Amino acid sequence: MEGAGYRVVFEKGGVYLHTSAKKHQDPDSLIAGVIRVVEKDNDVLLHWAPIEEAGDSTQFFFSKKDTSGGDSCTSEEEPTFDPGYEPDWAVISTVRPRPRHSEPTRGAEPTSPRGSWAFSVSLGELRSIRRSKPGLSWAYLVLVTQAGGSLPALHFHRGGTRALLRVLSRYLLLASSPQDSRLYLVFPHDSSALSSSFHHLQLFDQDSSNVVSRFLQDPYSTTFSSFSRVTNFFRGALQPHLEGASPDLPPAPDDEPEPGFEVISCVELGPRPAVERAPPITEEEWAGHIGPDGHLQRVPELKARIFSGGLSPSLRREAWKFLLGYLSWEGSTEEHKAHMRKKTDEYFRMKLQWKSVSPEQERRNSLLHGYRSLIERDVSRTDRTNKFYEGPENPGLGLLNDILLTYCMYHFDLGYVQGMSDLLSPILYVTQNEVDAFWCFCGFMELVHGNFEESQETMKRQLGQLLLLLRVLDPPLCDFLDSQDSGSLCFCFRWLLIWFKREFPFPDVLRLWEVLWTGLPGPNLHLLVACAILDMERDTLMLSGFGSNEILKHINELTMKLSVEDVLTRAEALYRQLCACRELPHNVQEVLGLASPAEPQSPSPAASPLPLSPTRAPPAPLPPADSATATQPDSSLEILPEDDDEEGVDS
């Protein structure tokens with residue numbers, strides 16, 4: 001088709017925009033249109049226009065190039081949406097492309113509601129093209145511009161994505177990303193311009209003037225001999241440019257990567273080493289580390305033993321106070337006694353704050369009333385099958401309730417969030433002392449408090465770190481999960497939130513936590529524990545043809561069926577395998593604690609703190625101790641009777 005000053009070289013109907021976030025689109029949310037590649041005024045445009053209500057497929061807009069460079073025409077009412085089944089890409093970006101001022105032809109009305117969705121973009125403005133995942137009902141393409149915004153996702157209900165890409169390849173070089181076969185990076189056919197870009201990017205150590213010609217003539221040898229620094233290039237290509245910065249220049253080193261896209265090198269991991277767990281530390285071995293005045297000696301060696309074998313049940317009541325920061329590893333027996341007296345007084349002052357609130361006052365304190373109701377409900381169903389908490393009048397339930405309400409007085413900003421009772425229950429079971437359990441719980445919360453913050457930034461970051469580790473350890477598993485819409489690893493959320501509390505039998509949870517609290521071999525062993533579980537289940541997941549629902553169901557059914565010793569053995573083996581890799585990406589090294597983290601790029605890093613290692617946890621900020629001891633209520637200090645043999649329960 002030709003007209004005055006333009007020629008249509010490709011046209012395909014049945015190309016829809018999905019304007020609803022629902023997975024199953026209703027007819028009103030589908031806008032049918034035509035996609036065209038048009039040569040016009042020494043430029044090549046990719047143009048989409050809707051088919052008007054009358055059904056005349058010849059009605060479309062041609063767009064003039066916007067040379068104003070302004071965004072003043074962008075309407076605040078422009079809708080944004082997500083098709084629902086691939087939230088990371090198949091969306092209309094909230095950063096909309098600059099609106100094109102359309103000139104109607106053949107009587108089309110530019111003010112029609114559907115006509116407002118029409119767009120036109122020069123091929124030179126494209127930065128990348130992403131194809132949909134295989135297996136979806138309709139194939140689609142997402143085009144990203146040099147400005148970093150995404151054009152509306154184009155859904156090809158009648159096919160045609162390959163034909164369109166073949167036509168575009170006449171005018172552009174489409175380079176498939178080595179990290180993602182569905183992502184095409186766009187370059188102009190102008191070899192001199194591309195070579196100049198390589199030169200500016202410092203992609204090659206030698207002269208890059210003939211790189212493109214050599215690449216086109218012999219892509220294999222040129223790729224393997226010259227693209228040794230291609231990872232840096234793709235990192236730059238996938239990062240959004242700073243506002244006002246030239247797209248021809250490499251981004252600043254401190255640019256934050258595009259959300260949802262983690263750039264890593266292709267890593268060749270060596271063989272996985274064999275690991276053997278050691279037996280638990282005995283009372284005699286622990287006593288060998290206690291000095292004459294009660295100081296613990298050779299603490300690093302002691303922590304290493306706890307990491308490799310755990311503790312005998314009879315040692316946990318004492319050892320957990322050190323692991324959770326309640327007692328100092330360097331303190332003497334007398335110093336520990338003085339510290340515990342001080343902490344006992346401090347605890348009961350905070351407890352008295354909520355116990356002295358009358359029912360009349362509580363009716364006017366909705367926050368405290370809400371905490372109390374939520375705690376009572378959660379405590380009533382926490383570990384009720386454990387003998388320590390069974391029965392309607394069990395004193396352990398009352399202590400769980402009191403400790404959690406006192407924690408609300410200790411940490412006003414966080415208060416109580418569902419899941420905290422799961423973390424307190426094993427601690428109270430081991431210490432069997434209200435005050436000791438409270439301060440040990442506070443130490444645990446110093447490690448995981450970010451998991452319970454309303455913003456959920458810490459949980460999102462940990463899921464991202466888990467995905468990063470899994471991408472290095474097992475790319476095929478990641479690709480499989482991604483193809484089944486499970487690549488976000490949201491089914492691991494509960495694992496990380498409460499540190500696998502509901503995944504293992506109760507005695508195994510005690511062993512797992514004391515190993516994690518050592519902070520060895522790095523600050524994020526819990527992420528490797530998650531990787532180990534997925535590694536153990538990879539064949540079941542990949543060979544059974546599971547979809548997203550079946551994957552979630554299978555993961556949930558693993559509860560109480562996992563062996564903690566097998567999981568810890570595999571997690572340590574994964575850690576050693578990663579450490580032995582000489583080309584481990586720096587961001588993976590940061591997660592494992594092998595490299596110092598880069599300078600924080602977030603303007604408010606405190607909003608999403610990194611999980612603290614137990615060995616690096618700062619002491620909890622405490623209010624100044626009062627010289628006078630507060631009056632203790634009747635339920636002040638309750639030492640629970642030791643009816644059950646702890647070692648017997650743990651066996």
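Under the grid rule applied here, the count comes to 2 cavities of 30 Å³ or more. A cavity is a set of points, on a 1 Å grid over the protein atoms alone, where a 1.4 Å probe fits but cannot get out; grid points are joined across faces, edges and corners, and a volume is the space filled by probe spheres set on the points. The model is predicted, and local features need pLDDT of at least 70, side-chain atom pairs count only at pLDDT 80 or more, and totals for chains, interfaces and linings use all residues. Residues are numbered from 1 along each chain as its sequence is written, and side-chain values use heavy atoms, with hydrogens and water left out.

**The second largest cavity**

Select Pro521, Gly522, Pro523, Asn524, Leu525, Leu528, Tyr575, Val591 and Leu592, which line the second largest cavity; lining residues have an atom within 4 Å of a point. The elements giving two or more residues to this lining are α19 (525–543) and α22 (586–592). Helices (H or I, at least four residues) and strands (E, at least two) are DSSP runs, numbered from the N terminus. The space in the second largest cavity is about 30 Å³. Its lining divides into 7 nonpolar, 2 polar and no charged residues, where Ala, Val, Leu, Ile, Met, Phe, Trp, Tyr, Cys and Pro count as nonpolar, Asp, Glu, Lys and Arg as charged, and the others, Gly among them, as polar.

Stay with Pro521, one of the lining residues. Pro521 is placed in the loop between α18 (506–516) and α19, and the peptide bond from Leu520 to Pro521 is cis, with omega near -5°.

**Helices α15 and α21**

Next, display α15 (residues 457–473) with α21 (residues 564–579): the two pack at an angle of about 70°, with axes 11 Å apart. Axes are lines fitted to C-alpha atoms, for helices over the stretch in contact, and angles run from 0 to 180 degrees between N-to-C directions. Helix α15 is therefore roughly perpendicular to α21, a term for angles of 65 to 115 degrees. Leu469, Val472 and Leu473 of α15 meet Leu574, Gln577 and Leu578 of α21, contact meaning heavy atoms within 4.5 Å. By class, 5 of these residues are nonpolar, 1 is polar and none is charged.

**Helices α9 and α14**

Move to α9 (residues 333–355) and α14 (residues 434–448), whose axes come within 10 Å and cross at roughly 85°. This angle makes α9 roughly perpendicular to α14. Select Met340, Lys343, Thr344, Glu346, Tyr347, Phe348, Met350 and Lys351 in α9, which meet Glu434, Val435, Asp436, Phe438 and Trp439 in α14. The residues of this contact divide into 7 nonpolar, 1 polar and 5 charged.

**Helices α12 and α13**

Continue to α12 (residues 395–410) and α13 (residues 420–431), which pack at about 125° with axes 10 Å apart. The contact is made by Gly396, Leu399, Leu400, Ile403, Leu404 and Tyr407 of α12 and Met420, Ser421, Leu424, Ser425 and Leu428 of α13. These residues comprise 8 nonpolar, 3 polar and no charged.

Finally, select Asn42 in the loop between β3 (30–40) and β4 (43–50). Phi of Asn42 is near 60°, a positive value in a residue other than glycine.

Methods: On a 1 Å grid over the protein atoms alone, a cavity is a set of points where a 1.4 Å probe fits but cannot get out, and a pocket is an open set with protein on both sides within 12 Å along at least five of seven lines; lining residues have an atom within 4 Å of a point. Angles under 35 degrees count as roughly parallel, over 145 as roughly antiparallel, 65 to 115 as roughly perpendicular and the rest as oblique.
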